[in-house]
Amino acid sequence: MCCLEETPSTLQDENEIVRFQWSTPSEILKSYQEQKLWIASPQFYELSRMSRFPSLNDLHNFTYHRATEGCQQWTPVVVQKDEHHISLLPGDELYPVDSSGLSQREDCQDGSGLHRMVFSGSYSITLQITIKPKYNHLLPVVEPVVSHHSKGHL
């Protein structure tokens, strides 16, 4: 992934690069939702966050100001419930509080502290988020995406 002002020319060598596509985050998410392109769940989450920025300049401004806030290491914990896989993220009420993965937060197990991705198929990820993220991070856009086509947009 890279952010560019203009689309560069690309050489397809048929060895390492067998297909390429220049797209905005919202276009990639739309292609995923239409089952035309598969992306992994971390990319789904991050592209959903990037969709909050209508332009590259907006993203640059956000990252410049947010850089001093701090960061948090994320290690998803995957659990299975019924026919769904659930990827728990930090802040979720079921996310383990220690490295053994055995104990969960006792203070909040009423559905009010959600930060998770629910998988019901290869092309079906539902984001469930009710927490406020640490370090002034932005949450992903959880509604269907709308494509931006003008130059300079993400």
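The buried residues of helix 2 (41-50) are Ser 41, Phe 44, Tyr 45, Leu 47, Ser 48, Arg 49 and Met 50. Here buried means under 20% relative accessible area, exposed means over 50%, and partly exposed lies in between, with a 1.4 Å probe and protein chains only. Helix 2 is mostly covered, as 7 of its 10 residues are buried. These buried residues pack against helix 1, helix 3, strand 3 and strand 4. Helices (H or I, at least four residues) and strands (E, at least two) are DSSP runs, numbered from the N terminus.

The model is predicted: local features need pLDDT of at least 70, side-chain atom pairs count only at pLDDT 80 or more, and totals for chains, interfaces and linings use all residues. Residues are numbered from 1 along each chain as its sequence is written, and side-chain values use heavy atoms, with hydrogens and water left out.

**The chain as a whole**

The protein chain contains 3 helices and 4 strands, arranged along the sequence in the pattern α-α-α-β-β-β-β. Of its 154 residues, 31% count as buried. A contact means heavy atoms within 4.5 Å. Among contacts between residues at least 6 apart in sequence, 52% join residues at least 24 apart. The chain exposes about 10300 Å², and carbon and sulfur atoms supply 51% of this area. Accessible areas come from the Shrake-Rupley method with a 1.4 Å probe; for residues, only the protein chains shown count as cover.

**The nonpolar core**

In soluble globular proteins, nonpolar side chains tend to be buried together. A nonpolar core is a set of buried Ala, Val, Leu, Ile, Met, Phe, Trp, Tyr and Cys residues joined through side-chain atoms within 4.5 Å. The largest nonpolar core in this model has 17 residues, and those with the most contacts inside it are Ile 39, Phe 44, Leu 47, Met 117, Ile 125 and Leu 127. Two or more residues of this core are given by each of helix 1 (25-33), helix 2 (41-50), helix 3 (56-66), strand 3 (115-121) and strand 4 (124-129). Helix 2 supplies the largest share of the core, 4 residues.

Phe 44 touches Leu 29, Tyr 32, Ile 39, Ile 125 and Leu 127, not counting residues up to four places away in sequence. In helix 1, the residues Pro 25, Ser 26, Ile 28, Leu 29, Ser 31 and Tyr 32 are buried. Their cover includes helix 2 and strand 4.

**Two buried arginines**

Arg 49 is found in helix 2. Arg 49 counts as buried because its relative accessible area is 15%. Leaving aside neighbours within four places in sequence, Arg 49 is in contact with Trp 74, His 137, Leu 138, Leu 139, Pro 140 and Val 141.

Arg 116 is found in strand 3. Arg 116 has a relative accessibility of 10% and therefore counts as buried. With neighbours within four places in sequence again left aside, the contacts of Arg 116 are Ile 86, Ser 87, Leu 88, Asp 92, Glu 93, Leu 94, Thr 126, Leu 127 and Gln 128. The C-alpha atoms of Arg 116 and Val 77 are separated by 9.4 Å, and the two residues are 39 residues apart along the chain.

**The second largest pocket**

Rolling a probe the size of a water molecule over the atoms shows where empty space is left. On a 1 Å grid over the protein atoms alone, a pocket is an open set of points where a 1.4 Å probe fits, with protein on both sides within 12 Å along at least five of seven lines; lining residues have an atom within 4 Å of a point. The second largest pocket has a volume of about 190 Å³. Grid points are joined across faces, edges and corners, and the volume is the space filled by probe spheres set on the points.

This pocket is lined by Glu 46, Arg 49, Met 50, Phe 53, Leu 59, Phe 62, Thr 63, Arg 66, His 137 and Leu 138. Helix 2 and helix 3 are the elements that give two or more residues to the lining, and helix 3 gives the most, with 4 residues. The lining divides into 5 nonpolar, 2 polar and 3 charged residues.

Gln 35 and Ser 122 are 87 residues apart in sequence and 8.9 Å apart in space, C-alpha to C-alpha.

Conventions. Ala, Val, Leu, Ile, Met, Phe, Trp, Tyr, Cys and Pro count as nonpolar, Asp, Glu, Lys and Arg as charged, and the others, Gly among them, as polar.
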